[in-house]
2 protein chains.
Amino acid sequence: MNGVAFGAAKGIGRSMGTISKALELLDHFTKARPLIGLSEMARLADLNKATCFRLLTELGENGFVEQIGTGREYRLGPSVLRLAALREAQVPTREAAMPVLQGLAQQTGETAHLSLLISDILRPLAHAYSAAHATKVMLEDTEALPFHATSSGLAVLAFQPEAFRNRILAQPLPRLTSSTETVPAALRACINDVRALGYAESRGGYESDVHSMAVPLFDALGRCSGALAVAALGSRMGEAQRRKIRHALLQAGTEITTLWGGSLPADIATLWRLAA
Amino acid sequence: MNGVAFGAAKGIGRSMGTISKALELLDHFTKARPLIGLSEMARLADLNKATCFRLLTELGENGFVEQIGTGREYRLGPSVLRLAALREAQVPTREAAMPVLQGLAQQTGETAHLSLLISDILRPLAHAYSAAHATKVMLEDTEALPFHATSSGLAVLAFQPEAFRNRILAQPLPRLTSSTETVPAALRACINDVRALGYAESRGGYESDVHSMAVPLFDALGRCSGALAVAALGSRMGEAQRRKIRHALLQAGTEITTLWGGSLPADIATLWRLAA
């Protein structure tokens, strides 16, 4: 999938402080773009070079970025490792879900991925590829999953408070492919279907040849905090494969929720039992 | 080990910006203190409550902290997970070292730990306990390892540029136990020994009943970026056990350096071959 810059979404409706400006620079690093030069970062963040340099310098002094190589490009620094280890010790999330994610990819023969809702942005956290096909959906370059155009986004939107949904649907909803639904009323109908079914589906809404299915994930506090999805080439998505993926997703979604120390909301548990 | 607040060290000699103030709040979270209320955080960071609240709010808006429970206490947020996963993909560090660390604890029957140098502070990154003894050195509460009072600190100091060493030795060097060396000239002699031996040792300098040994670690850029240590109860540290730990440390240090894509500096490689 190509990265689509949705980083701007967060700033909408409030003025952004220096701390946010600095932290948002970190969001521009992806697997496909691990090194970013000063000029490139300034361009990505829409800042002038002097400001961008000042922010990167303070991030560097705290180990959140570091400069390497002759080009003095920036990459993420080691500080994040210690913080992530502490967070995982307190709230096992990524490490707990990884084996389930790998099983899901293997079972379905397609790319499985998990995303987390972080301050109004749905961010890919982990993915697992299957070796079953030479062609697969790749996620190296994705910084954010647009809510209106992905099955993960729709699954998360469906189980958020109404105010959140209104905020997202009031933002610009870019047409990414000829299949992207961009009309808020139509998206609301779509979201109602997701709530009624307990899972979401997207046929080419993000990339025209990708067909994906997703379920919401619930954390220990009972909030929908992310989504689990399987993304496949549209050409491989026959009826039997859709059934197989749905079945595997509902099972894996239950497992991850349990591993996160949560329990499925009663209505979801019922829907998933019926759909499995 | 008890946490000793060395966070102030970084601020010395330069004024601290808003971004640094916010990021340093994150350093107060430890395994033993995963939840921090507003008043407690303000006290730990030596900030007034209004400023502290403003900083925490911006960190929260970016997913770096979140509030939970009826007490609305703060804990680390999910943003750090994605950043750490990206950093590990680019520079495998913690995940690469974990199996070696676990082997080292098992082999020596004592606590093994790995620390990283992050902007003038030596931070514990990972540790592994051994089940061999009912008593062991615990590291849950340690935010930073003081350079002058730990074997890890001395191992790292010995292989840094002279300017770095001067900066650290010019800072306050608190006496933590009756065995802590606090005289810069004596510490310099000690550091010369470390450079000549290729490993460091501390007998009760941090906690009076803990005896530890450490080796420096080198990253892919050839910099000493951290230390690998074994910490034991002093009462268990006979001559045979010291030899065993030294041998295991030199081997594990070589392994981690290799896993990090680096190679040992030639003089260290020679010292370690002779000492093994």
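A search of the whole structure, which is a predicted model, turns up zero disulfides over all chains. Take A:Cys190 as a case: the nearest cysteine sulfur belongs to A:Cys224 and is 15 Å away. A disulfide needs the two sulfur atoms within 2.5 Å, so A:Cys190 is in none. B:Cys52, by contrast, is buried, at a relative accessible area of 0%.

Next, the aromatic rings. The count over all chains comes to four aromatic pairs. I will go through two pairs in chain B.

One of them is B:Phe147 with B:Phe164: the ring centres are 5.7 Å apart and the planes stand at 85°. Planes over 60 degrees apart count as edge-to-face, so this pair is edge-to-face. It links distant parts of the chain, 17 residues apart. B:Phe147 sits in the loop between β4 and α6 of chain B, and B:Phe164 in helix α7. Both B:Phe147 and B:Phe164 are buried.

Then there is B:Phe159 with B:Phe218, also edge-to-face, with centres 6.0 Å apart and planes at 75°.

Last, a hairpin in chain A. Strand β5, residues 200-203, pairs with strand β6, residues 210-218, in the antiparallel sense over four bridges. Which residue of β6(A) is the bridge partner of A:Arg203? That is A:His211. Six residues lie between the strands of this hairpin, where A:Gly204 takes a positive phi near 70°.

Terms used:
Residues numbered from 1 in each chain as written. Chains lettered and ligands numbered in written order. Predicted model: local features only at pLDDT ≥ 70, side-chain atom pairs only at ≥ 80, totals over all residues. Heavy atoms only, no water. Pairing = 2+ DSSP bridges. Helix = DSSP H or I, 4+ residues; strand = E, 2+ residues; numbered from the N terminus. Buried < 20%, exposed > 50% of the residue type's maximum accessible area, 1.4 Å probe, protein only. Phe/Tyr/Trp six-rings, centres within 6.5 Å; stacked < 30°, edge-to-face > 60°.
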